Each structure stands twice: as C-alpha cells, then as structure tokens.
Amino acid sequence: MSAHIYSHISHPLQVHGLASTTTAKRLVVFLHGWWGDIIKSWGDFAVSPDYDQWWQEADLLFIGYDSTREDITAMAARLGRYIRDFYPTPAVNFTAARFSDPANSNVEYDELVLVGHSLGGLIIRRAVIDAADEWVNSTNCTGAPPVLLEAQLRLFSPASAGFRPAGRLALAYGPGIGPFVAMLLRTATAYSDLQPGSQVIANTRQRTERAVTEWHFESLRADLLWANPDRVVITERYDTDRHSHAADGKSHRSVCKPTLKYDLPYVFVEGGRAWS
C-alpha cells in the first residue's frame with residue numbers, strides 16, 4: 001500500500017502534490033526547467049515516492065510554470081512569496097491525508113528541500129539569494145529569517161552558468177531554426193537570461209558567493225548532480241557549492257528521472273550525495 005496520496009491544490013502557483021499518509025517530517029519541492037512540466041520532469045518521482053522511510057515521511061510538492069513566458073526573477077519572487085503557504089505549516093490538502101491520526105495532522109515540518117532541474121535550479125538559486133539579501137538589508141539578520149533560508153538545495157544539471165547546446169541540440173537552436181521558433185526564443189525573457197554571461201546569471205552567482213562568505217548562509221550552498229555528458233547547460237559550479245557529482249551516461253533530460261535501475265535521483269535528493 002502506498003504511503004502517499006495525490007492532492008491537487010488550487011493556488012496561484014501551479015501545484016500538485018503527493019501527501020504522506022503517515023507523519024510528514026519534511027517538504028520536498030520540485031521545480032522543472034526550460035520547456036519542462038510537472039509530469040515530463042518529475043512524473044517518475046510520483047510513480048514511486050516510497051523509496052525508503054525518508055521519502056515515506058515526506059510531502060512532495062510539484063510546482064509548474066510557463067518557462068517560455070515567465071521571467072526568472074519574477075518566478076523566483078513568486079516562489080519566495082508563496083512558499084510560506086506550504087512551509088513550515090503543511091497545506092490543508094496535505095494534512096487531510098493524515099486526519100486518521102490527529103496527533104500528526106498539523107505538525108510542522110522539520111525540513112525543507114528544494115529540488116530544481118536546469119532552469120528550475122537557477123530560479124531556486126535566485127529565490128534563495130533574493131530572500132537572503134532582503135533579510136540582511138531590511139533587518140540586519142534580526143528576527144525570524146525567511147523560510148527559504150531553511151532550505152536544502154538539490155539541483156540537477158542547473159543552468160547556473162547558462163545554456164550551451166551541443167551536438168544535435170546545437171543544430172536545432174542554430175541559424176537554421178524556423179522563423180516561428182526564432183521568434184519564440186527572442187520573446188522569451190528566460191531564454192535571453194540563460195545566455196552565458198547574462199546579467200541574471202552573473203548577478204545571482206556573485207551575490208550568492210558573497211552571502212555565503214560574509215553571512216555563512218548554508219542554505220545557499222547547493223548540492224549538484226550533473227548529466228555526463230550534458231549537452232544543454234554549462235557544467236560550472238559556484239565556488240561555495242557543497243557537493244558536485246556526475247551521473248555517467250545520463251542525458252540532461254534523464255539525469256533527474258529515477259528508474260528501477262537508476263535510483264541515484266532518490267539518493268541525491270535525500271542526502272545531497274551521489275551514493276547511498
């Protein structure tokens with residue numbers, strides 16, 4: 001019997017969830033990448049979320065957005081604003097799954113884990129550093145910190161250093177692309193911001209590394225799992241990131257998709273390392 005039940009939540013963010021039917025000690029939030037969606041990017045997590053006890057005691061929240069229309073900084077701001085609707089107090093839709101045990105129905109989470117793929121990883125980085133800077137500048141680190149500063153970051157092939165297609169993908173995005181695709185890319189703010197050396201990319205890294213060095217915010221030190229080879233993004237880490245691993249033989253799209261023979265995504269999200 002599964003330890004999770006599906007929950008659709010009506011919310012300004014496009015969210016779907018898997019609620020633990022037992023005690024939920026943590027919230028794991030998933031954010032997909034460029035041209036991804038909840039099902040294509042994370043559907044394999046939803047099929048078997050009961051990998052071990054850590055997962056059985058987790059509520060899973062999948063956030064969707066339109067990567068061809070959303071602005072990176074705006075999406076990061078929305079994540080920072082609305083995460084408080086889900087953490088540290090569980091959403092009502094999640095607690096309903098635990099009403100059979102009133103003692104567990106409204107217990108606050110102990111952990112927040114943010115999981116991003118590709119562009120989603122950059123958005124998460126931006127959301128956390130924006131929250132950190134706002135807290136430092138407005139309160140000088142007094143009072144309760146924003147909830148994003150409690151998060152652990154697990155990023156699959158994040159677009160932190162930009163988009164650099166190689167091989168067949170390079171041909172698809174090269175001079176020979178059709179006029180409709182070219183127009184779509186030119187009008188997509190996120191695509192422009194994903195170009196190597198863009199202001200968003202440079203600013204996010206600079207601010208993050210400075211905040212870790214000056215303020216020692218552990219929540220800004222991400223754990224990374226790269227596809228090897230990755231033909232979509234530049235595989236460059238921040239100086240302040242914690243662990244960086246590679247999944248040999250996995251593509252940019254498949255690195256975040258667990259299977260019966262590839263349980264590394266479960267292991268990585270759980271502990272931030274590429275081994276059990």
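# Briefing: rings, strands and a pocket

Phe94 lies in helix α4, residues 92-95. Helices (H or I, at least four residues) and strands (E, at least two) are DSSP runs, numbered from the N terminus. This is a predicted model: local features need pLDDT of at least 70, side-chain atom pairs count only at pLDDT 80 or more, and totals for chains, interfaces and linings use all residues. Residues are numbered from 1 along each chain as its sequence is written, and side-chain values use heavy atoms, with hydrogens and water left out.

**Phe94**
- Phe94 is buried, with a relative accessible area of 0%. Buried means under 20% relative accessible area, exposed over 50%, and partly exposed in between (1.4 Å probe, protein chains only).
- Gly17 is 77 residues from Phe94 along the chain, yet their C-alpha atoms are separated by 7.9 Å.

**Aromatic pairs**
- The whole structure holds 15 aromatic pairs. Rings of Phe, Tyr and Trp (its six-membered ring) pair if their centres lie within 6.5 Å; planes under 30 degrees apart count as stacked, over 60 as edge-to-face and the rest as tilted.
- Phe30 and Trp42 make a tilted pair, 5.0 Å centre to centre with 55 degrees between the planes. Phe30 lies in strand β3 (residues 26-31) and Trp42 in helix α1 (residues 38-47), so the pair ties together parts twelve residues apart in sequence. Both Phe30 and Trp42 are buried.
- Trp55 and Tyr266 have ring centres 5.5 Å apart and planes at 80 degrees, so this pair is edge-to-face. Trp55 belongs to helix α2 (residues 53-56) and Tyr266 to helix α11 (residues 264-271), so the pair ties together parts 211 residues apart in sequence. Both Trp55 and Tyr266 are buried.
- Ring pairs link a cluster that includes Phe30, Trp42, Trp55 and Tyr266, along with Phe45, Trp54, Phe62, Phe156 and Phe268.

**Helix α11**
- Six of the eight residues of α11 are buried, so the helix is mostly covered.
- The buried residues are Leu264, Pro265, Tyr266, Val267, Phe268 and Val269.
- Gly272 follows α11, and its phi is positive, near 80 degrees.

**Charges over rings**
- A charge sits over a ring if NZ of Lys or CZ of Arg is within 6 Å of the ring centre and within 35 degrees of the ring normal.
- Arg125 places its charged end over the ring of Tyr238, 3.7 Å from its centre.
- Lys250 has its charged end over the ring of Tyr262, 4.2 Å from its centre.

**Strand β7**
- Strand β7 (residues 223-228) is mostly covered, with five of its six residues buried.
- Two strands pair if DSSP finds at least two bridges between them.
- Strand β6 (residues 151-156) pairs with β7 in the parallel sense over three bridges. Arg154 stands opposite Asp223 in β7.
- Strand β8 (residues 244-248) also pairs with β7 in the parallel sense, over five bridges. His245 in β8 is the bridge partner of Leu225.

**Second largest pocket**
- The second largest pocket holds about 260 Å³ of space. A pocket is an open set of points on a 1 Å grid over the protein atoms alone, where a 1.4 Å probe fits, with protein on both sides within 12 Å along at least five of seven lines; lining residues have an atom within 4 Å of a point.
- Its lining has 14 residues, and Gly80, Asp130, Ala131, Glu134 and Pro146 lie nearest its centre. The elements giving two or more residues to this lining are α3 (72-82) and α6 (119-139).
- The largest share of the lining, five residues, comes from α6.

How values were computed: Grid points are joined across faces, edges and corners, and a volume is the space filled by probe spheres set on the points.
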